[in-house]
Amino acid sequence: MNVDKTQLITKIFTPELRKNADALLAKYETKRASILMVLRLLQDHYGFLNQEAQDAVACYLDLPEIDVREVMTFYTLFYDKPRAKTEFHVCRTLTCSMMGSDAVVRCLEEKLGVKEGEITADGQFMFEQVECLGACEIAPMLQVNEGEYVGNLTREIMGQLLEDSKQGKLEALKLAKKTPLEK
Amino acid sequence: MEKLISKYFIPGKTFWLADYEKDGGYQAARTVFESRTREAVIEEVKKSNLRGLGGAGFPTGMKWSFVPQNTGKPVYLVVNADEGEPGTFKDKYILVHAPHLLLEGIIIAAFANNVHKAFVYIRGEYALAAEVMEKAIEEARAKGYVGEKCFGKDYELEVVVHRGAGAYICGEETGLLESLEGKRAYPRLKPPFPAVVGLFASPTVINNVETLACIPYILNRGAEWYAKLGSDKNGGMRLLCVSGHVKKPGIYELPLGIKLRDVIFEHAGGIINDRKLKAVVPGGLSAAILTADEIDVGMDFDQLRALNTMAGSGGVIVMDETTSMVEALLVTMRFYAHESCGQCSPCREGTGWVYKILNRVVAGEGRKEDIDKLLDICSFLGGTTICALADGAAMPLRSYPTKFRAEFEDYIAQKKSNPYIRSRLFHHASSTKRGGEREYVELGDRLSSLSP
Amino acid sequence: MPKLTIDGKEVEVAPGTRVIEAAKKLGIDVPYYCYHPGLSVAGNCRMCLVEIEKMPKLQIACHMTAADGMVVKTNTEKVLKTRQHVLEFLLINHPVDCPVCDQAGECWLQDYYMKHGLYNSRLEEYKNKKPKAVSLGPTVMLDAERCILCSRCVRFCDEIPKTSELGFIERGDHTEIAVSPGKNLDNKYSGCTVDICPVGALTDKDFRFKIRVWYLREGNSICNGCSRGCNIQVHYNIDRPHHGRERVKRLKPRYNEHVNKWWMCDEGRYGYKFHDINRLSEPVKRTKESVTPVTWDESLAEAALKIQGSAGKTGVFVSPQLSNEELYLVKKLFQDSLKAKVILVSPNAEGYQDDILIRADKNPNSKGAQAMGFNYEKDAAEKFIDECDAGKAEGIVIFGQDLLSRLNPAKVQSALSKLKWSLFIGTNQNLTSETVSLVLPSATHVEKDGTFTNFEGIIQKFDKVLEPAALARPEWLIMADLARHLGVHWTYEGPEDVFNEMALTNTVFAGLTYEKLKAVGEDIRTMAAPTIPALQQFDEIL
């Protein structure tokens, strides 16, 4: 049993990840308290957290496996399925909705050819609607790759944003995701 | 009018430690460590009439005085930077532009409550804010303002940045504590209150970002000065977040008690295209809505409470005559149904039910009885739950159909609809059926599809 | 000691008592789902909201600690209306599965609706879809739509077996109960989650679709699976044979503060099949040539003859599965009167033990045997078998043990063939019962009255729930008849008479009566949900 645990941890936690995870663990009074930060660390590296990764976290933090799944599925920013290279999170709460978030959604559907939650065939793009991102002053707005907020959206700005991503210019704007998807 | 906090909100600029100190920063903290006692600091904050600016408006000094110092357990300070209340965006600015102002407030609050470890819980979406805060803490550590010997005194203070992962309920005090402890953010039963049994079962102070950002000013210039800036029992200024159908949406640092009419028309430039004002949400999504006739109220905690609404988080959402109140209510209730943690039955089932009813109404299939049904559900949604999310859902739910009844009746009678603002409630729910995918059947799938 | 007033009645309680327990003390029922006296407080169902003077909002009775001078009202209009609406909320997404749900008839949603609901449904929306008929493990089936998310099962797995298999996933009204993919709900107490689930979300695979609960009758007994002696209820069906020949349909635990609290282990819970399967149905005489059924009179006369003939050369393998009364009679008849050699032999090997309920000794009455002077002696059984093999003994009485499995089969086989006679008195067929010369079918412990003494010395009564199967008879009756054939006349009319005699002659039982022993062991359903009645017995066959 213990052999399996260590093997699993070594498989998922590369030496670099392990070092960073240990540093995070040291900041909290209990192992469990570091779970959000550890999950984020792994997700930033792998792009999403499959069952094996979740089990590895459970082993690493000495938690029952179900506890990791409980936390993962509760929060909207953890994914257990692969995502696209570039994601747009479009805010749909009151001010953004009033200022035309539905038009932003339709624009994305049109330009990308996919519906909300679907990944484009080339794996490059997807978009989702999310609740208030705390940027009502620039409504309607969206967030790119959990990074930059892009607001006061118009068709032109949307077009430019998609152009930039397609041409890899989001890298320069530091809006690209940290690692490309694997697994 | 002197701007205390918003003077730092210069686009693209962060006031790093050198800039902040040039402006007089960390003087208050230094003085506190040098020559003040804990009790004196708490007294000062009490006298300033500073109210919690995250939403509840609880007097900050009083909150600090509830913390027992004799339990043998360490006292924690948790900074609530979850800023999830729709309509609110001020804490984001403080974190990104003036992290040291916040940090100084944290240090003084820590000293006042004998805290040696503070957590800054920043919502997961604020990646930049978390990065800035981490850097600011490192700068402060290098200068000896946090760490083992704060300001050269025998006082240790560790400040840890903790990032959330996308849940509005983490803004609720005890939900935040559960999340910080690594669990699902299910709010706790109260009593006991966090001041006595909080983080890791120890006494804990939880304060909003903006509240703490006011502390250095109070200590520097005195409680009396600060109290006079505001209104009776509501001291100081606050960062009002104005958004919606106004010409100049943004942050307006104004005294507590300023008239809502002035905020909208004098400061935020009035309505876009000079259209007519229809309604205002005065204090974040959970505040009951005010009609255009009710905007002569002073924006402080007590005056707004008297109108059966609240000052809340200071999020002012302005709606003009083009707004459909029915659709606005759908969007509002969809938010609560999406963010309900699901722990207790009235909120979990009630928010979902109300959302489904409104979804049906906005699909053109509403019935006359639906309005009274919504109002009845509302009576038992509020006041029966573990935390105030359901109360926050109940307030708009009651005020919209009450104050705009004719519009609701008309919408239903005429079978109006808007397929474009309806969307799935949850879109990435994972499958639990062993070995198979499972479809969520939602109204949008069964009825008309969401076509452009 | 705080004194509080509930619905105008005053009650004094221990400090720290919750209002809901204080109300129970007064006989006032406050409905609840998530509260369980044996688990931590969750406070999430909101069904127990009550009015407390000087508090503006309603408070949950399961969490609020009783304070001196508190005034509580549980039946004002506000409370009743709130209860009704909370119930309505719980039923919003609940599937109308009653016709196919095992829980029907003992479902808290049904029962509370009849008592606290009685409103017309005004739900016109679709209900959320969740997985149905999900196997969580070897014993439990989940229907996630029926779940009201009270978290009782999650808290149970965290706090009692401490195995934490269950958890909540997703959020809001899409929340579900789940196990981690690839894992099972397979702790040794998994069946308890079905007991505590108030609705049909967690159902027992063993009981699934077997029979409607309102067709069940029930009786009290004690589990015979180990020396813990968990208090149980036997749920059985004898009125409707078309629901299956097996009479016992399931076992449920009874609450006993000192023995098993609210719980019982899976092995005990599912170990009831032996009452109806592979039973010895009639006395049988076996010779080298033939196996013939005989009447009781014949077989008893034959047995008495043989026993008398082998006076002083008889061995008796007494079992710790026998009741105290029967052990007493074995002592009286075989040891004292007949001077036979009595050896205590367990029919089971020692097994798994934990610090929750399960004991390594898989017999209910080893302690009772001890009180009668029968102790386990190492290798005593083997030694006697050797004596039989060497021709030093003539006959053996076996009380149900399968010697051919427990001891060296070759030696036992050889010994049995060398003996003049062997008498097997037991309930179920086994290798030994198919080898001996005379078989007398006996009653299982649900088919007779009696007492067991558990490993801590607690004496507990089990009731006669069923009539003995086929022609079986309880051991005490068999021994009384044997005694009569041997010229010893006892005047016992039932096990109670035996027990009363024991109370007079043995200090261990001094001062006890069946009446006194009957009072212990409450129905967990009346405990756990005050307004749920125990199964109502239907005497008329519909």
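Residue M141(C) has T203(C), in β10(C), as its bridge partner. The model is a predicted one, in which local features need pLDDT of at least 70 and side-chain atom pairs count only at pLDDT 80 or more, while totals for chains, interfaces and linings use all residues. Residues are numbered from 1 along each chain as its sequence is written, and chains are lettered from A and ligands numbered from 1 in the order in which they are written.

Strand β7 (residues 140–142) of chain C pairs with β10(C) in the antiparallel sense over 3 bridges, two strands being paired if DSSP finds at least two bridges between them. These strands belong to an open, antiparallel sheet of 3 strands in the order β6-β7-β10 (chain C), at the edges of which lie β6 (134–135) and β10 (202–204) of chain C, each pairing on one side only.

Chain A comprises 9 helices and 4 strands, where helices (H or I, at least four residues) and strands (E, at least two) are DSSP runs numbered from the N terminus. The C-alpha atoms of chain A fill a box of roughly 55 × 30 × 25 Å along the principal axes.

Between chains B and A, 48 residues of chain B are in contact with 45 residues of chain A, a contact requiring C-beta atoms, placed from the backbone, to lie within 7 Å. On the side of chain B that touches chain A, two or more residues each are given by β3 (158–163), β5 (237–244), β9 (315–320) and α13 (325–339) of chain B, and the largest share, 6 residues, comes from α13(B).

How values were computed: Two residues are in contact if their C-beta atoms, placed from the backbone, lie within 7 Å.
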